[in-house]
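Have the sequence and the model open as you read.

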Amino acid sequence: ESSPIPGTEQASNPVFAPDSRSLAFWSESVLKRVDVSGGVPVPIYRTGPAPSGMSWNETGILFSQIGTGILRIAPDGGGKPELLVPLTSDDGLAHGPRLLPDGKTLIFTLTTDAGVGSTGNRWDNAQIVVQSLTTGSRRTIVQPGTDARYVPTGHLVYALGNTVFARPFDLATFETTGGPVPVAEEVSRVIAVDNGASQFAFS
């Protein structure tokens, strides 16, 4: 049975810790952390506007901030976030940063579309990119697509519209090695100018 976690009212962007014992989320302009069993949420960092996607891995919590870029912060707080990928408004909007298993490469969604006429168009035309944290080089691997993540089966899974697709993905070359196959349809998505989220997750 489902049960609410105290202290997470009005929360958004929930992500599990690598050990699954804690959740990070955004609420009242602040990134927070709370034990899954409950307790008082611990503030991590005051972001102001809500992040456009978050993830949590062994190196910290990654999140995208409009007008700044992709940042990483320690889950215990007490410090300033590290700017991993600087992005101005002219560079476009990033969403859903995730670290690939090598620990040195990011995957995220990037859109430079103005979204004129429909809030959904901006993300329907977005590209999924990989970027090296050591060299800064960036390359598009899927377009169009949004909210991608790598899964242990060796696939890149991402959304386009209300459909979730999977493609074989080579971690050695950071390239897709096959065409897209639909794996889930009628998946809800966030319809917002500054957020390219699709409502699916893996455990």
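## The largest cavity

Lining the largest cavity are S64, Q65, I66, G67, G69, L87, G92, L93 and A94. Two elements give two or more residues each to that lining: strand 6 (60-65) and strand 9 (93-99). Strands here are DSSP runs of E with at least two residues, numbered from the N terminus. By class, the cavity lining splits into four nonpolar, five polar and no charged residues. In this scheme Ala, Val, Leu, Ile, Met, Phe, Trp, Tyr, Cys and Pro are nonpolar, Asp, Glu, Lys and Arg are charged, and the others, Gly among them, are polar.

The space in this cavity comes to about 50 Å³, and the count is one cavity of 30 Å³ or more. On a 1 Å grid over the protein atoms alone, a cavity is a set of points where a 1.4 Å probe fits but cannot get out; a pocket is an open set with protein on both sides within 12 Å along at least five of seven lines, and lining residues have an atom within 4 Å of a point. Points are joined across faces, edges and corners, and a volume is the space filled by probe spheres set on them.

## Where the numbers come from

This is a predicted model, where local features need pLDDT of at least 70 and side-chain atom pairs count only at pLDDT 80 or more, while totals for chains, interfaces and linings use all residues. Residues are numbered from 1 along each chain as its sequence is written, and side-chain values use heavy atoms, with hydrogens and water left out.

## The largest pocket

The largest pocket has a volume of about 1300 Å³. Its lining has 37 residues, with V15, S55, R98, R149 and F202 nearest the centre. Strand 1 (12-16), strand 5 (54-57), strand 9 and strand 13 (146-151) each give two or more residues to this lining, and strand 1 gives the most, with five. Sorted by class, the pocket lining holds 20 nonpolar, 13 polar and four charged residues.

Strand 10 runs antiparallel to strand 9, joined by five bridges; pairing takes at least two DSSP bridges. A94 stands opposite L110 here. The two strands form a hairpin with five residues between them, and G103 in the turn has a positive phi of about 75°. Strand 11 (residues 127-132) is also antiparallel to strand 10, with six bridges, and V130 in strand 11 stands opposite I107.

Conventions:
Helix = DSSP H or I, 4+ residues; strand = E, 2+ residues; numbered from the N terminus.
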